[in-house]
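Good morning, and thank you for coming. I would like to walk you through one structure, element by element.

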Amino acid sequence: MRKYLRLSIMLTLVVALVAISGISCGDGGDDGANETYKIGALFSTTGGASNLGVPEENTVEMMVEQINADGGINGHLLEVIIYNDETDSVKCANLANKLIEQDEVLAIIGPTTSGNSLAIIETVTSAEIPLVSCAASADIIEPVEDRYWVFKTPQTDRQIVAEIYSYLQSEGITKVAIITATSSFGTGGKKYLESEADDFGITIVANQVFDEGDTSMISQLTLIKGTDAEAVVCWAIDPESAVVALDMQTLQLEIPLLCSHGIANQGFIDAAGDAANGVIFPAGKLPVVDFVPQTDPQWEVLTTYKADYEALYEGGVSTFGGHAYDALSMVVIALEDLEDDLSIDEARAAIRDGLEQISGFAGTGGVFIMSPTDHLGMQTGSLALIEIVDGEWTWKQ
Amino acid sequence: MSIDQFAQYLISGLTDGSIYALLGLGFTIIYAVTRIINFAQGEFVMIGGMLSYTLAASAGLSIPLSILLSILSAAAVGAIMYLLAIRTARRASVVSLIIITIGFSIFVRGVAAEIWGVNTMRPPLFSGKTPLSLPFVDAVITPQAIWIIGTAVVVTILLHLFLKYTMVGKALKACAVNPEAAGLVGINSKAMALIAFVLAAVIGGTSGVVMAPHILASYDMGVMLGLKGFVAASIGGFKNPIATVVGGLLLGVVENVAVGLNWGPFTSSYKHVIALAVLLLILLIRSGRLASEERAA
């Protein structure tokens, strides 16, 4: 008992110390020293997308510490206010308003999921504040004329679909069954799986869906087993994709399983066990960083990020933390060119312009060249086709 | 739909249905004795599932020992929930108590996310994963699915015997039928409520342990399961355990066969819509009946 008492007293002291140091930082800002740059972040650190949100939050906390330890940005300290939207788009929209109105941040990174990102586009656009989303759907940045304030860092679902289909085409597979989640991410993938199929000479012979949180896909896969599908393409994030892999194993459905980049996460391998072996998916190069040659423009950022992250956190790097790394890095690039003594609206507009002018930034997800017509700017050669072999990611070249 | 496929839908329907039935039983027991709908029922399942993972996969205990410890822990959480959260608020209305159960479930989920993190876990399968082929049809069943269906059957039979032939069971039933009259003949309704919570937690914990290797365990697994169990219990009228089990099985089978029909609204897109449509229908029918019961009382 006494041990716990001592522990709790120590914890209280630590909390008090942190609070005091926080206050003194704030005072420093008011005393005429450089103002702290405040950035907002919306991540789903609990709820359905928590496997994605947690590494994003970890990454941002790590980066803020590093940047401030190096003296901040042009002498300004960086503060990122992170809110958890609980994978709930209504909460996300409320928190976005809070960041804009109460916290008066200069830019927002996140949200984690496509659904939540789409839910706050209207909010950030009318408030005229730049948003760098960490979610996949192409609809987040298209049509670009309606997305003046919105950027994103992960590859789009259309790029991934093209990668999957061209692989299937090279393997001579023409009949596929698709099974997708009913989330925004899943429906986004479904849309492009359906629309791009013809271009690659692919026929969709079964088109099944499931809900987030579903724990059995046996029925859908039984239906697929009754067709002449030569491969299954699954579009979801990891817990449900793992269930698909496990249930295919149960039903002895021995055709290739291809997944989206939503499974680029150790959680998928942990949950699916040996059913994960043989699963193929396109994603950023982060999971296969050991296979990336030193001549690759991303080699340095990938190895540094992986080493830094794994020194601090358990569970290994994931591409999702990488998306947050890229998002915050781009905002920092824009902040570096920010002039002092701007009003908050001017600063927000200047950061937006800075983001649009980013050119040749090598991030974890790829090399980015932004432009007024492309708010992702990811260059070709940024994706790797990954196969899970003996529970490890390998680069299938 | 071929006969082979139908058999497969039926198998997965019965497996899912057994899960819903086990959840529904927990709802029914607590409701019958206390008139409280316990929205933390899914959390008992989660505790069973997550603990069995920690004990079996991480701590390396044998599967039977980890099962036993997980079930006991779930029972302890059930007792703590009743003693700390429900009993202390006993003067509150039933609606307030129901809201307390929602609060408790959020609390337990939060603690679980802190302890286990947010990743999905897979505890070891009880008896391997080689699926067994059924006779006569081309369909398979996993050993774990047999465990789940078997658990549902055994739990239902044991519960039935307990309520029918033991003194405590009869006292529970008496409280369910008429709490005031039960009090008059000397049955301690508070003790009975405690027993109901522990019993529901034991059933929840047991089912969590058995289903976790099949459906994977995560800190938030209780939410959807709780909803499905609620539907099963509604079909059973929250009072009759056998009807609850039938309701759960029916729901599981309908959901899965609907996917197989793949026609009109009966596709995988509407799998959960079907459950909720069934729930709405039952609530509509029952609300009339419940109101008339209330008037009669």
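**Loops, sheet and contact**

Let me begin with A:Pro143, which lies in the loop between S4 and S5 of chain A; helices (H or I, at least four residues) and strands (E, at least two) are DSSP runs, numbered from the N terminus. A cis peptide bond joins A:Glu142 to this proline, A:Pro143, with omega about -5°. A:Pro111 sits in the loop between S3 and helix H4 (114–127) of chain A. For background, most peptide bonds are trans, and most residues other than glycine have a negative phi.

This is a predicted model, in which local features need pLDDT of at least 70 and side-chain atom pairs count only at pLDDT 80 or more, while totals for chains, interfaces and linings use all residues. Residues are numbered from 1 along each chain as its sequence is written, and chains are lettered from A and ligands numbered from 1 in the order in which they are written.

How confident is the predictor in chain A? Its mean pLDDT (the predictor's confidence in each residue, from 0 to 100) is 89, and 92% of its residues reach 70 or more. Over residues 17–32 of chain A, however, pLDDT stays under 50.

We turn to the sheet. Chain A has an open sheet of 5 strands in the order S2-S1-S3-S4-S5, with parallel pairing; two strands pair if DSSP finds at least two bridges between them. Its edge strands are S2 (78–84) and S5 (150–152), each of which pairs on one side only. Strand S1 (residues 37–43) of chain A is joined to S2(A) by 7 bridges, and A:Lys38 stands opposite A:Glu79. From S1(A) the chain passes through H2(A) to S2(A) in a right-handed β-α-β crossover: with the strands pointing away from the viewer, the path from the first strand over the helix to the second runs clockwise.

Finally, where do the chains meet? The contact takes 29 residues from chain A and 27 residues from chain B; two residues are in contact if their C-beta atoms, placed from the backbone, lie within 7 Å. On the side of chain A that touches chain B, H7(A) gives the most, with 5 residues.
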